[in-house]
Amino acid sequence: MALHTWLIYLVAALGLSLTPGPNSLLALTHGALHGHRRTLYTVAGGACGFVAVIGLSMLGIGALLQTSASALQVLKWVGGAYLVWLGVQLWRAPPLNLQAAPGAPFPRRSQLFRQGLFAAVSNPKALLFYGAFLPQFIDPARSLWLQFAVMAGTFALIECGVETLLARLAHRIRPALERLGKRFNRVCGGAFAAMGVALPLTR
């Protein structure tokens, strides 16, 4: 990838990781319940799941690019519209509810890993999202698989860092997010909508 494209992707991926989603909420809950060290297994499972979903999205994008040279630009605009729609939905979403169930059993490390993995791959919207997000940064003149390795690796590292930080600060962050949840959703929703408008115009 070109350096400036990767830097834009880095900023966008960081913003995406900070947006509330199943894996970030799972890391918060597990961090509060089981401690940040044990939650590392949850984080690792989520990272593996994200790499798998990104890989599936890239397969679909690669197949589309083989059928039409202009398909990538069309995909960028359709994906941008989808990101704007997601931003509107997040703006209107209710405040976060992060209360864990009382008396929950203490899980094994393998269970935590599986929970993180399933949280990343079990949501069909994730595949659709990455199908909209990744084309904004793809250069069809470069190796698709090399770009996949760079984007998947970058996102996995960022997601691991953010989720680990959330797990370490779970007891402090959770009350603030519940108290300011609506405002937080609007900030993240506005960021999604801005990305949806700006990214298709990026060269």
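R168 lies in helix α7, where a helix is a DSSP run of H or I with at least four residues, a strand is a run of E with at least two, and both are numbered from the N terminus. With a relative accessibility of 54%, R168 counts as exposed; the classes used here are buried (under 20% relative accessible area), exposed (over 50%) and partly exposed (in between), computed with a 1.4 Å probe on protein chains only. The C-alpha atom of R168 is separated by 5.0 Å from that of H36, although the two residues are 132 apart along the chain.

The model is predicted: local features need pLDDT of at least 70, side-chain atom pairs count only at pLDDT 80 or more, and totals for chains, interfaces and linings use all residues. Residues are numbered from 1 along each chain as its sequence is written, and side-chain values use heavy atoms, with hydrogens and water left out.

The protein chain contains 9 helices and 0 strands, and its pattern along the sequence is α-α-α-α-α-α-α-α-α. Of its 203 residues, 43% are buried. The chain exposes about 10,600 Å², of which carbon and sulfur atoms supply 68%; accessible areas come from the Shrake-Rupley method with a 1.4 Å probe, and for residues only the protein chains shown count as cover. Contacts, defined by heavy atoms within 4.5 Å, join residues at least 24 apart in 91% of the cases where the partners are at least 6 apart in sequence.

Apart from residues up to four places away in sequence, T164 touches L40 and V43. T164 and V43 are 121 residues apart in sequence, yet 6.9 Å apart in space, C-alpha to C-alpha.

As for I54, its contacts beyond neighbours within four places in sequence are Y130, L134, F148, A152 and F155.

Helix α1 has 16 residues and reaches 23 Å from its first C-alpha to its last, close to the expected 22 Å. Its buried residues are T5, Y9, A12, A13, L16 and S17. Viewed down the axis of α1, these residues fall within an arc of 135°, so they line one face of the helix; the arc is that of the directions from the helix axis to the C-beta atoms. The face of α1 turned away from this buried side carries the exposed residues L3 and V11.

Helix α2 has 13 residues and reaches 17 Å, close to the 18 Å expected. Because 10 of the 13 residues of α2 are buried, this helix is largely enclosed by the rest of the structure. Among the buried residues of α2 are N23, L26, H30 and H34. G35, which follows α2, has a positive phi near 90°.

Helix α5 (residues 109-121) also has 13 residues and reaches 19 Å, close to the expected 18 Å. Its buried residues are L112, G116, A119 and A120. Seen down the axis of α5, they fall within an arc of 100°, so they line one face of the helix.

The cysteines remain to be discussed. A disulfide is a covalent bond between the sulfur atoms of two cysteines. The criterion applied here is a pair of cysteine sulfur atoms within 2.5 Å, and the structure holds 0 disulfides.

Terms used. The expected span of a helix is 1.5 Å times one less than its number of residues.
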